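Subject: Structure handover

Hello,

Here is the structure we discussed, with my notes on it below. Please look through them alongside the coordinates.

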Amino acid sequence: ADAHVLQHAAVEQLDVLAHAAQLPVPQHRLQAAPPDRRLRERNAVIKLLQSADAKAVAETGDILSTIDPVSRCNDLESLTSLRVDPVAESRRADFARIDEQLAQANVQFEAGRYASAFDVAQLGLKQAEALDHPWQLARAHYVVGRSAEPLDKFELAEPELERAFRSAIALGDDALAARSLAHLMFIASSRQVDALRAQRWIDWKQSLESWFAHDPQLAALLDLEHGLALEPAGELKSAEALLRRAVQTLEAKLGAQAIPTLRARGNYANVLLMQGRMNGGAEKLEKLIPDMRAVLGNQHSNLASMLGSLATACKETGRTADALKLEREALDIVVANLGPDHSEVGLRRLSLAESLLNAGHPQQALQQATSAAGIFKASLDEDHPWRLIAATVVAGIQHNLGHSAPALATLDSAISLCPVSEMPARHQAGTWVTRARILAALSRAAEARADLRKARALYPELGGWKESVQTGVDEVTASLEQTPLP
């Protein structure tokens, strides 16, 4: 038998006996064993025992006895004469340090402290590169990639996750492959810049479905990201079906309050909102948010996202005061977690600006929208769609305050840098309606009507957003009909 494994097992067996009998735990410790599944399982049990009571020891003691025969491990002292390879022991110690580093990064990530998670994960990756072990390297690439994702470090996250995915395929680690692939689909869809790249990962998912069929949880996680990848393409019915299936599977396997389930429930609610089913989406969010508070606390970035989604539903259904309260809380959370200059903070400020405008506070709304535009200018490329979305909101508020000429200049300047067609359909329509409204106020009726035609041409792509866009088009059309000809 491997001398290290046998000696390590002996120490662990004595730990079990000492804990059960309330005796002092032996001080002799060895570093974690090599990372095959059998030893990882045993190490997980030992960690549980260190904080468990006697009942837990009784329940889990049998597991240890099936892994290492007790008869081989009764006398620790008799094993000390076995020669242990110092090189192998050093390598095992390196494995343990990497495990600890990546575990810390994962804890920080699940707590929503993404910057800390990223820093710790990078240290783990450096250690894994020095060790040059394929399995540890694959894990480290995955943890770095997923930690970089919420920080908008997509150029770093995507290659790290692709390395993890391809290594996991080569190593036969289906769980790591599935999680890496899920994040790759999410990045490709959320960036909304490369439909072919998103489709590439969807094709991988479909070609490997037999790999993950034995594990409904992995299949559900991939369904979740597949559904999200379909949203930018406007395939909302297909996305809804995949997300519904993911929610049902994860609830059955993990429970309604497990973190993957919470995320799936939130995305399912969002896809309902994207189809204009505001009441249905709001109902699911109002059930989800208390569960998120109970599991994640009141300062988690994912909670902020769901608060923002519920605020959107409230705005669309006339619950202005509720929307304003939700937007303020969401903004406070993302500022606390990501700092004042993160692009997610800009998005939250834009949403708050719209709620403030609806509540009759245009000056406060302009301040929030201008701040968001400044964040995007400092952090995003000049042709990024979010910069045009911010300019549209700023221009709309400027027009509302009676400054139509500066509003048109603001909007046209942004349009010259970012083609309107680069935005999602509902934002394209919103930009054309806003510009038409400003042009109508400046008595430039022909140009206003041309912009309204562009907005109407988008009706087939708007889904549930068509009604609100059509209301804006009808208002501008009515104002043009009342405007006397020059």
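A salt bridge here is a side-chain nitrogen of Lys or Arg within 4 Å of a carboxyl oxygen of Asp or Glu. R437 and E475 meet that rule, with their closest N and O atoms 3.4 Å apart. Since R437 belongs to helix α21 and E475 to helix α23 (residues 466-482), the pair ties together parts that are 38 residues apart in sequence. R437 is partly exposed at 30% relative accessibility, and E475 is partly exposed as well, at 43%. Please keep in mind that the model is predicted.

Overall composition

The protein chain has 23 helices and zero strands. Of its 486 residues, 47% are buried. Among contacts with a separation of 6 or more, 62% are between residues 24 or more positions apart. The accessible surface is about 23,100 Å², and carbon and sulfur atoms account for 52% of that.

Other salt bridges

The count of salt bridges comes to 20. One of them joins R348 to E327, where the closest N and O atoms are 3.5 Å apart. R348 sits in helix α17 (residues 343-358) and E327 in helix α16 (residues 320-338), so this bridge ties together parts that are 21 residues apart in sequence. Both residues are buried. R348 and E327 also belong to a network of salt bridges that links them with K315, E344 and E354.

Another bridge is formed by R435 and D412, at 2.7 Å from N to O. It links distant parts of the chain, with R435 in helix α21 (residues 425-441) and D412 in helix α20 (residues 404-417), 23 residues apart. Is R435 buried or exposed? With a relative accessibility of 13%, R435 counts as buried, because buried means under 20% relative accessible area. D412 has a relative accessible area of 27% and is partly exposed.

Aromatic rings

A search of the whole structure gives one aromatic pair. The ring centres of F376 and W386 are 5.8 Å apart and the planes are at 45°, so the pair is tilted. F376 is in helix α18 (residues 362-379) and W386 in helix α19 (residues 385-400), 10 residues apart. F376 is buried, at 0% relative accessibility, whereas W386 is partly exposed at 26%.

A further ring is involved with a charge: the charged end of K454 sits over the ring of W432, 4.1 Å from its centre.

Regards

Definitions and conventions: Residues numbered from 1 in each chain as written. Predicted model: local features only at pLDDT ≥ 70, side-chain atom pairs only at ≥ 80, totals over all residues. Heavy atoms only, no water. Helix = DSSP H or I, 4+ residues; strand = E, 2+ residues; numbered from the N terminus. Buried < 20%, exposed > 50% of the residue type's maximum accessible area, 1.4 Å probe, protein only. Contact = heavy atoms within 4.5 Å. Areas by Shrake-Rupley, 256 points an atom, 1.4 Å probe, with all protein chains shown as cover. Phe/Tyr/Trp six-rings, centres within 6.5 Å; stacked < 30°, edge-to-face > 60°. Lys NZ or Arg CZ within 6 Å of the ring centre and 35° of its normal.
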